[in-house]
Amino acid sequence: MVAVSKGESQIRGEIQMSSYRVAQAGAAGAPFEIVEREVPEPGPGHVRIAVAACGICHSDAMFVQGELPGVRFPLVPGHEIAGRIDAVGEGTDSRWRVGDRVAVGWFGGSCGHCTPCRQGDFIVCPQLKVPGWAYDGGFAEMTVAPADALARIPDGLAAPDAGPMACAGVTTYNGLRRSSGRPGDLVAVLGLGGLGHLGVRYAVAMGFEVVAIARGADKGDFAKQLGAHHYIDSTARPGVAEALQSLGGARVVLATAANSSAITATVDGLTHRGELVVIGADSEPLGIFPTQLLMNARVVRGHPSGTAQDVQETMEFSVLHGIRPTIETMPLEHANEAYGRMLAGAARFRMVLTG
Ligand SMILES: [Zn+2]
Ligand SMILES: [Zn+2]
């Protein structure tokens, strides 16, 4: 997305450009406007990234609508960032150099001092620095991020494919690999959108027997193309739980759909000690009765994305197994149209802003 020439962007400290463009929301719910800003210098421990691509995540809407505490306007969202290091701040780990290809996702850095950080559990840091929330995100030609937020993009992974790996990809990949599922287990992926379509591909590559669950019979072919072994149309009878039980019961349900009633409908489809991993956010409560959990020792667990190292491992696994997100790209100046397509569910799984 960056307007500088390659030569300029790789010469540390000799950036010719004085301004760059961002797509910012001036107030809660306001449309994006393209604004020129002065190029920032990265501070100690930070790098400046020339953004090549940035995915649009459903949770960007929580920031843009001003629904989260502490969001500030004007706001530049975007936490599926892929680009190249353009400048390195003083005192930054020398392993990060100008020209390195990097991604920054939901994990945009942590405080390093709180109890979870001291336990090495950085992703649940209460001061987690999500781009677009803690600092300006990737709907821009440039952004500045702390070095602990950087994931190295492997060769062979293009920036528009790498961006979505930093949130949608790592969330599903980590949600599955941190679950109690083991190769051969029946694992269901609820939803076939931005997260779910990647979840099915990862689950297949991990060696699970994979069930895709979505609304309508017409998604069955797509689920099979992704490699799913079974498909359940959640609108058909019998219901999702019965259909899962007829397959033996799911060891794990990865709930990517942002729909609490659809998530709840899977619970009775879990096997004994089965695990519901919730990664889809809905404002409605889950309607689970205690007895649905008690008798079969089932578990319901939230799963929060992953660290920069997890993002890096997600990208490496994706390259190894030939997994890419299904994306639709648009240039930064069409941020409103791209964001609107994401909100309307009209996008082909993941909208990505590019140059
Ligand atoms: Zn996200
Ligand atoms: Zn912390």
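I began with the surface: the protein exposes about 14800 Å², with carbon and sulfur atoms supplying 51% of it. The areas are Shrake-Rupley values with a 1.4 Å probe, and for residues only the protein chains shown count as cover. I noted that this is a predicted model, where local features need pLDDT of at least 70, side-chain atom pairs count only at pLDDT 80 or more, and totals for chains, interfaces and linings use all residues. Residues are numbered from 1 along each chain as its sequence is written, chains are lettered from A and ligands numbered from 1 in the order written, and side-chain values use heavy atoms, without hydrogens and water.

The C-alpha trace spans about 65 × 40 × 40 Å along its principal axes.

I then looked up the secondary structure. I found 11 helices and 15 strands, taken as DSSP runs (H or I, at least four residues; E, at least two) numbered from the N terminus.

Last, I checked one helix pair. H4 (residues 159-177) packs on H10 (residues 308-321) at an angle of about 90°, with the axes 8 Å apart. H4 is therefore roughly perpendicular to H10 (65 to 115 degrees). I listed the contact residues (heavy atoms within 4.5 Å). H4 brings residues including Ala-162, Met-165, Gly-169 and Arg-177, and H10 brings others, among them Asp-310, Val-311, Glu-313 and Phe-317. By class, I recorded 8 nonpolar, 4 polar and 3 charged residues in this contact. Here Ala, Val, Leu, Ile, Met, Phe, Trp, Tyr, Cys and Pro are nonpolar, Asp, Glu, Lys and Arg charged, and the others, Gly among them, polar.

Terms used
Axes are lines fitted to C-alpha atoms, for helices over the stretch in contact, and angles run from 0 to 180 degrees between N-to-C directions. Angles under 35 degrees count as roughly parallel, over 145 as roughly antiparallel, 65 to 115 as roughly perpendicular and the rest as oblique.
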